[in-house]
Amino acid sequence: MASRVLGVIAVTATAALASLALATPASAHVPTAKAECVEDKAVLTVDLRYYAPAEKNTVLVKDGDKVLADLEFGATYNKKFVADGTVAHTFTVTVRAYDDKKYDLDGTYKTPPCVQKPPTTTTPPVTTTTPAVTTTTTPPVTTTAPPPAGPQPQPPLANTGASTTALMLGGLGLLAAGAVTMLLVRRRRA
């Protein structure tokens with residue numbers, strides 16, 4: 001009797017583990033690009049993740065007519081481009097995935113001038129006579145902080161439409177069926 005009960009438990013556990021193993025999430029191509037003003041600079045961030053690495057994918061990044069990057073990449077590509085913040089920018093990002101055209105990206109990202117020039121005012125010149133004064137100027141001390149340590153936060157994975165709820169409920173149902181079977185076998189023997 002004990003061997004039958006162990007057999008039922010083993011079959012139930014195997015079915016539950018198989019259901020969980022089949023519920024792994026699917027990978028998807030995740031292209032992300034954005035342009036924004038950061039500390040008086042125009043910044044374009046290009047973040048390409050989960051591309052198929054078997055062959056080469058390509059990325060072309062431009063600021064107007066100026067080519068900033070034109071290269072091949074594997075599964076990921078992540079780069080920030082910093083530009084002059086005193087003028088407006090029109091960035092273009094073109095991504096070609098080797099495995100399917102539906103993963104391509106053709107995007108245009110714009111930033112206005114990030115630095116606003118103060119209005120100029122004219123005042124009449126004032127003429128005064130003052131004695132000469134000697135002054136000494138101490139240059140300012142500039143320090144730069146190191147970049148934050150550790151991994152940077154990653155964007156969440158794309159929703160691929162896969163639902164693990166049905167598989168989990170199926171596994172729990174099989175587990176419950178195994179428990180009921182075990183109780184019935186014990187009742188018959190008693």
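Two strands count as paired here if DSSP finds at least two bridges between them. Strands (E, at least two residues) and helices (H or I, at least four) are DSSP runs, numbered from the N terminus. With that in hand, a word on what you're looking at. This is a predicted model, in which local features need pLDDT of at least 70 and side-chain atom pairs count only at pLDDT 80 or more, while totals for chains, interfaces and linings use all residues. Residues are numbered from 1 along each chain as its sequence is written, and side-chain values use heavy atoms, with hydrogens and water left out.

Let's start with the overall layout. The protein chain has 2 helices and 7 strands, and from the N terminus on they run α-β-β-β-β-β-β-β-α.

Now pick out the open sheet of 3 strands: its order is β1-β2-β5, and the pairing is antiparallel. At the edges sit β1 (30-38) and β5 (77-83), each pairing on one side only. On average, neighbouring strands of this sheet are turned by 10° against each other, direction ignored; for such angles, axes are lines fitted to C-alpha atoms (for helices, over the stretch in contact), and values run from 0 to 180 degrees between N-to-C directions. Strand β2 covers residues 41-49 and is joined to β1 by 9 bridges, the two running antiparallel. To find your place in that pairing, look for Ala33, which stands opposite Val46 in β2.

A disulfide is a covalent bond between the sulfur atoms of two cysteines; the cut-off used for the sulfur pair is within 2.5 Å. The structure holds 1 of them, joining Cys37 to Cys114 with an S to S distance of 2.0 Å. The link of Cys37 and Cys114 is left-handed, with -75° about the S-S bond. Cys37 lies in β1 and Cys114 in the loop between β7 (105-111) and α2 (165-189), so the bond ties together parts that are 77 residues apart in sequence. How covered are the two ends? Buried means under 20% relative accessible area, exposed over 50%, and partly exposed in between (1.4 Å probe, protein chains only). Cys37 is partly exposed at 39%, while Cys114 counts as buried at 13%.

Next, the inside. A nonpolar core is a set of buried Ala, Val, Leu, Ile, Met, Phe, Trp, Tyr and Cys residues joined through side-chain atoms within 4.5 Å. The largest one has 20 residues, and among those with the most contacts inside it are Leu44, Val46, Val59 and Val93. The elements giving two or more residues to this core are β2, β3 (57-63), β4 (66-73), β5, β6 (89-96) and β7, with the largest share, 4 residues, coming from β2.

For both, contact means heavy atoms within 4.5 Å. Leaving out residues up to four places away in sequence, Val93 touches a list that includes Ala33, Leu44, Val46, Val59 and Tyr109. Val61, in strand β3, is buried with a relative accessible area of 0%. Beyond its neighbours within four places in sequence, Val61 is in contact with residues including Leu44, Val46, Phe81 and Thr92. Val61 and Phe91 are 30 residues apart in sequence, yet 7.2 Å apart in space, C-alpha to C-alpha.

Finally, step back to the whole chain. Of its 190 residues, 22% count as buried. Among contacts with a separation of 6 or more, 57% are between residues 24 or more positions apart.
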